[in-house]
Amino acid sequence: MNEQRVVGGVRAGTPLLRPGHVWLAGAGPGDPGLLTLDAFAGLSQADVVVHDALVDHRVLALAGPQARLEFAGKRGGRPSAEQRDITNRLVELAQGGYRVLRLKGGDPCVFGRGGEEAVALMRAGVPFRIIPGVTAGLAALTAAAIPATFRGLNRALILAAGYGVDDDCPDWSALARTGQPIVLYMAMRNLATIAQALMRGGLAPSTPAAIIVSATTTAERVLVSTLDRVASEAENHQLGTPSIIVIGNIVNLRDQLLDTMAETAP
Ligand SMILES: C[S@@+](CC[C@H](N)C(=O)[O-])C[C@H]1O[C@@H](n2cnc3c(N)ncnc32)[C@H](O)[C@@H]1O
């Protein structure tokens, strides 16, 4: 069964990526199994796939034979001129009559500047769709057997970006006072500073914390620690990026679930 029939079979029909249109889609965290059927349909129809650095090579391999892959890598929050270049390129391709898939890691609108690209397309009069993706902050937890919510433990979950300094940062003390688990994107460089700020805000040093590196890829690594030690242990284990950090009691569930999963495994 080809991909168009797969998508069409569960819907009224296959969504069509038309010439001159842009689909702004999420590719999920890595594992191609977490791609949405609509992103898959976009990959099979696009003339040009403009993708980010974090889109897994196995996902890109699903592009149709007609597709040209264009890398539009942006990592580490470099200057906005580069973002302008990317949006200009999307507009240029669409106005040139191409079917364009703009593919971003995770969900396009979660710390992904998908909203800005959508606004740029809107202003340029380019027809577009936004296709959600599985965001790394949720996928990494579930893949690591850390439930994002668990009755009796939490009724909220905070997603926060950990780059930037001082005024540019969330109010870590205020987040700490909520007592709810915190999921950090792009926070490895500032982890020691953030952990200190959360402890100053009232979180116990013994609060469980975990780092999930390259979630849902073949390079996935998980470190479980506590808030006071997580930064130094990450350094000792030479953990790299991309990484999701989760801080809160939900991390403790991982050990129990892993035990059960091991028992039922073949
Ligand atoms: C610019 S943000 C993009 C987030 C993306 N739009 C999403 O919804 O997942 C990049 C950050 O996402 C996180 N990230 C993305 N993919 C990841 C993965 N497979 N494993 C762990 N963290 C990931 C890391 O914190 C990384 O620094």
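1. Is S225 buried or exposed? S225 counts as buried, because its relative accessibility is 9%. Here buried means under 20% relative accessible area, exposed means over 50%, and partly exposed lies in between, with a 1.4 Å probe and protein chains only. S225 lies in strand 9. Helices (H or I, at least four residues) and strands (E, at least two) are DSSP runs, numbered from the N terminus.

2. A word on the source. This is a predicted model, where local features need pLDDT of at least 70, side-chain atom pairs count only at pLDDT 80 or more, and totals for chains, interfaces and linings use all residues. Residues are numbered from 1 along each chain as its sequence is written, and side-chain values use heavy atoms, with hydrogens and water left out.

3. Back to S225. Its side chain makes a polar contact with the side chain of E233, at 3.1 Å. A polar contact is a pair of N or O atoms within 3.5 Å; within protein, one must be able to donate a hydrogen and the other to accept it, and residues adjacent in sequence count only if both atoms are side-chain atoms. Not counting residues up to four places away in sequence, S225 touches T207, P208, A209, V230 and E233. Contact means heavy atoms within 4.5 Å.

4. Now the ligand. The ligand is surrounded by 17 residues, and the closest are V110, T135, A136, A215 and S243. To be near a molecule or strand, a residue needs one heavy atom within 4 Å of it. The shell divides into 11 nonpolar, 5 polar and 1 charged residues. Ala, Val, Leu, Ile, Met, Phe, Trp, Tyr, Cys and Pro count as nonpolar, Asp, Glu, Lys and Arg as charged, and the others, Gly among them, as polar.

5. Look at the backbone around the ligand. A backbone N or O atom of G105 lies 3.0 Å from a nitrogen atom of the ligand. For D107, a backbone N or O atom is 2.9 Å from a ligand nitrogen atom. For A215, that distance is 2.8 Å, again from a backbone N or O atom to a nitrogen atom of the ligand. Taken alone, the ligand exposes 570 Å², and the protein buries 89% of that. Accessible areas come from the Shrake-Rupley method with a 1.4 Å probe; for residues, only the protein chains shown count as cover.

6. S214 comes next. S214 sits in the loop between strand 8 (208-213) and strand 9 (221-226). S214 counts as buried, because its relative accessibility is 14%. Leaving out residues up to four places away in sequence, S214 touches A219, E220, T241 and P242. The peptide bond from T241 to P242 is cis, with omega near 0°. P242 is in the loop between helix 9 and strand 10 (243-247).

7. Check the backbone angles too. Most residues other than glycine have a negative phi, and most peptide bonds are trans. R113 has a positive phi, near 60°, and is not a glycine. R113 is in the loop between strand 4 (100-104) and helix 5. R113 counts as partly exposed, because its relative accessible area is 28%. Q238 is not a glycine either, yet its phi is positive, about 50°. Q238 lies in the loop between helix 9 and strand 10. At 67% relative accessibility, Q238 counts as exposed.

8. Which residues of helix 5 are buried? In helix 5 (residues 114-124) they are G114, E117, A118 and L121. Seen down the axis of helix 5, these buried residues fall within an arc of 100°, so they line one face of the helix. The arc is that of the directions from the helix axis to the C-beta atoms. An α-helix has 3.6 residues a turn, so residues three or four places apart point the same way. Just after helix 5, G125 has a positive phi of about 75°.

9. Helix 2 (residues 37-45) is mostly covered, with 8 of its 9 residues buried. Among them are F40, L43 and S44. L62 touches F40 and L43, as well as P32 and L35, not counting residues up to four places away in sequence. L62 and S44 are 18 residues apart in sequence and 7.0 Å apart in space, C-alpha to C-alpha. L62 is in the loop between helix 3 (57-60) and strand 3 (68-71). L62 counts as partly exposed, at 31% relative accessibility.
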